[in-house]
Amino acid sequence: MKITYCDTEFQPMIYQELGYASLVYQYNDQGQIQSIAYYDSEDKLINNKDGTAMIQYEYDEFGNVAEIFSFDQSGDLKE
């Protein structure tokens with residue numbers, strides 16, 4: 001699922017309070033969020049206001065969130 005903030009002419013724009021233009025959710029086969037990624041108005045990966053460009057979720061065998069990983073736009077793992 002993709003959410004995009006647009007200007008009055010329906011062109012993608014960076015929402016300044018959040019630091020990104022689009023937010024993309026990807027889901028696994030069980031319907032759980034697999035990742036969340038942030039993009040600029042040209043669909044390039046961008047850091048949000050917290051310095052995170054992508055969040056990835058891993059689940060245990062019971063479907064519970066086991067780990068959450070955050071990455072910056074360079075692909076480096078945030079701590």
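This report describes the strands, the nonpolar core, the loops and the salt bridges of one predicted model.

## Basis of the description

Because the model is predicted, local features are described where pLDDT is at least 70 and side-chain atom pairs count only at pLDDT 80 or more, whereas totals for chains, interfaces and linings use all residues. Residues are numbered from 1 along each chain as its sequence is written, and side-chain values rest on heavy atoms, with hydrogens and water left out.

## The sheet

Five strands form an open sheet in the order 1-2-3-4-5, with antiparallel pairing; strands here are DSSP runs of E with at least two residues, numbered from the N terminus, and two strands pair if DSSP finds at least two bridges between them. Strand 1 (2–4) and strand 5 (65–71) stand at the edges with a single partner strand each, so one side of each is left without a neighbour in the sheet. On average, neighbouring strands of this sheet are turned by 10° against each other, direction ignored, with axes taken as lines fitted to C-alpha atoms and angles running from 0 to 180 degrees between N-to-C directions. Strands of a sheet pair through backbone hydrogen bonds, either parallel or antiparallel.

Within the sheet, strand 2 (residues 22–27) pairs with strand 3 (residues 33–39) in the antiparallel sense over six bridges, and tyrosine 27 has isoleucine 33 of strand 3 as its bridge partner. Strand 3 is joined to strand 4 (residues 54–59) by three bridges, again running antiparallel, and here isoleucine 36 has isoleucine 55 of strand 4 as its bridge partner. Strand 4 and strand 5 pair antiparallel over six bridges, with isoleucine 68 of strand 5 as the bridge partner of tyrosine 57. The hairpin of strand 4 and strand 5 has five residues between the strands, and glycine 63 in this hairpin takes a positive phi near 90°.

## The nonpolar core

The largest nonpolar core has seven residues, namely Tyr20, Leu23, Tyr25, Ile36, Tyr38, Ile46 and Ile55. Such a core is a set of buried Ala, Val, Leu, Ile, Met, Phe, Trp, Tyr and Cys residues joined through side-chain atoms within 4.5 Å, where buried means under 20% relative accessible area, exposed means over 50% and partly exposed lies in between (1.4 Å probe, protein chains only). Strand 2 and strand 3 are the elements that give two or more residues to this core. In soluble globular proteins, nonpolar side chains tend to be buried together.

Isoleucine 55, one of the core residues, touches Gln34, Ser35, Ile36, Tyr38, Ile68, Phe69 and Ser70, not counting residues up to four places away in sequence; contact means heavy atoms within 4.5 Å.

## Loop residues

The loop between strand 1 and strand 2 holds phenylalanine 10, which has a positive phi of about 60° although it is not a glycine. Phenylalanine 10 is exposed, with a relative accessible area of 70%. Glutamate 17 has its place in the loop between strand 1 and strand 2, and at 57% relative accessibility glutamate 17 counts as exposed. From C-alpha to C-alpha, glutamate 17 and alanine 66 are 30 Å apart in space and 49 residues apart in sequence.

Asparagine 28, by contrast, lies in the loop between strand 2 and strand 3 and counts as buried at 18% relative accessibility. Not counting residues up to four places away in sequence, asparagine 28 touches Gln34 and Tyr59.

## Salt bridges

A search of the whole structure finds two salt bridges, a salt bridge being a side-chain nitrogen of Lys or Arg within 4 Å of a carboxyl oxygen of Asp or Glu. In one of them, the side chains of aspartate 43 and lysine 2 meet at 3.1 Å, N to O. This pair links distant parts of the chain, since aspartate 43 is in the loop between strand 3 and strand 4 and lysine 2 is in strand 1, 41 residues apart. Aspartate 43 counts as partly exposed at 45% relative accessibility, as does lysine 2 at 46%. The phi of aspartate 43 is near 60°, a positive value in a residue other than glycine.

The side chains of glutamate 42 and lysine 44 also meet in a salt bridge, at 3.5 Å, N to O, and glutamate 42 is exposed, with a relative accessible area of 58%.

Notes: Helix = DSSP H or I, 4+ residues; strand = E, 2+ residues; numbered from the N terminus.
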